[in-house]
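User: Hi! I'm new to this one, so could you show it to me and walk me through it?
Analyst: Happy to, here it is.
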Amino acid sequence: MSTDRETILSHVRSALAPLPQRAALPDWEAELVIMRQARGNVDTWPLFAERLRGVNGTPLTAVADLVTLLEKGGWRHGYCDPVLWPKLAPAFPATFKVETVFDRTRVDDFQFGITRATGAIAETGTLVLTDAGTSGRLAALAPWVHVAVLSRADICVDVPQAVAALPRDPNVIWVTGPSKTADVEGILIEGVHGPGVQVALLLD
């Protein structure tokens, strides 16, 4: 039995099928949007980490540091992408309960979600998530803590490079730090419509 989502996407695909090709991306002056610090040959991880911290995100380079962060926050029950779990499991003590299937009927049980990131943008501290590359998309959006795992090769220097590298995916999400809103009286609140803690874990 197909889900409502699958039904909607099948109608969209049917409507797009007769088109000879997708519409081209609009022309724009890439030089106008690149930050000065992202020009030339830069080490993408330090720049990405700096920008991620600037939007209240948490960059990490060791699984042990991730475990320490989760323990400190009292977040011991979560989900992990089954492809990633064999690499991460040795660092997690028995006090943690980590599942490799995200059960949508128990969405509130999961305090953290560990998924793969398709890419990242150094100049803005942005993570790129896709349906194809992110197992259990809800696991990246519903738990209070989201951990996006990426490699150095996944990091684009700037926005134009990231746009050029966009995959053909039905759903692409750019995440810049924890979810936030300032709709009510201009007061910034984090974690309203998504994770309140956004972590990027570098695994080379």
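Analyst: Let's begin with strand 6, where Thr 126, Val 128 and Thr 130 point one way, Leu 127 and Leu 129 point the other way, and all are buried. Buried means under 20% relative accessible area, exposed means over 50%, and partly exposed is in between, using a 1.4 Å probe and protein chains only. This is a predicted model, where local features need pLDDT of at least 70, side-chain atom pairs count only at pLDDT 80 or more, and totals for chains, interfaces and linings use all residues. Residues are numbered from 1 along each chain as its sequence is written, and side-chain values use heavy atoms, with hydrogens and water left out.

User: How many residues of strand 6 are buried, and how do you define a strand?
Analyst: Five of the five are buried, so strand 6 is largely enclosed by the rest of the structure. Strands (E, at least two residues) and helices (H or I, at least four) are DSSP runs, numbered from the N terminus.

User: What joins strand 6 to strand 5?
Analyst: Three bridges, with the two strands running antiparallel.

User: Switching topic, what is the strand order in the six-stranded sheet?
Analyst: That open sheet runs 1-12-7-4-2-3, with parallel pairing. Strand 1 (58-60) and strand 3 (97-99) stand at the edges with a single partner strand each, so one side of each is left without a neighbour in the sheet. On average, neighbouring strands here are turned by 20 degrees against each other, direction ignored. Axes are lines fitted to C-alpha atoms, for helices over the stretch in contact, and angles run from 0 to 180 degrees between N-to-C directions.

User: Where does helix 2 lie?
Analyst: Helix 2 (residues 44-54) lies across strand 1 and strand 12 (197-202), running at about 150 degrees to strand 1. Its buried residues are Thr 44, Trp 45, Leu 47, Phe 48, Ala 49, Arg 51 and Leu 52. What covers them includes strand 1, strand 5 (119-121), strand 6 (126-130), strand 8 (155-156) and strand 12. After helix 2 comes Asn 56, with a positive phi near 70 degrees.

User: What about Asp 154, is that one buried or partly exposed?
Analyst: Asp 154 counts as partly exposed, because its relative accessibility is 24%. Asp 154 lies in the loop between strand 7 (145-150) and strand 8. Leaving aside neighbours within four places in sequence, Asp 154 is in contact (heavy atoms within 4.5 Å) with Ala 117, Thr 118, Gly 119 and Ala 120.

User: Last topic: what is the volume of the largest pocket?
Analyst: About 420 Å³. A pocket is an open set of points on a 1 Å grid over the protein atoms alone, where a 1.4 Å probe fits, with protein on both sides within 12 Å along at least five of seven lines; lining residues have an atom within 4 Å of a point. Grid points are joined across faces, edges and corners, and a volume is the space filled by probe spheres set on the points.

User: Which residues lie nearest its centre?
Analyst: Of the 13 lining residues of the largest pocket, Arg 22, Pro 167, Arg 168, Asp 169 and Pro 170 lie nearest its centre.

Technical notes: Two strands pair if DSSP finds at least two bridges between them.
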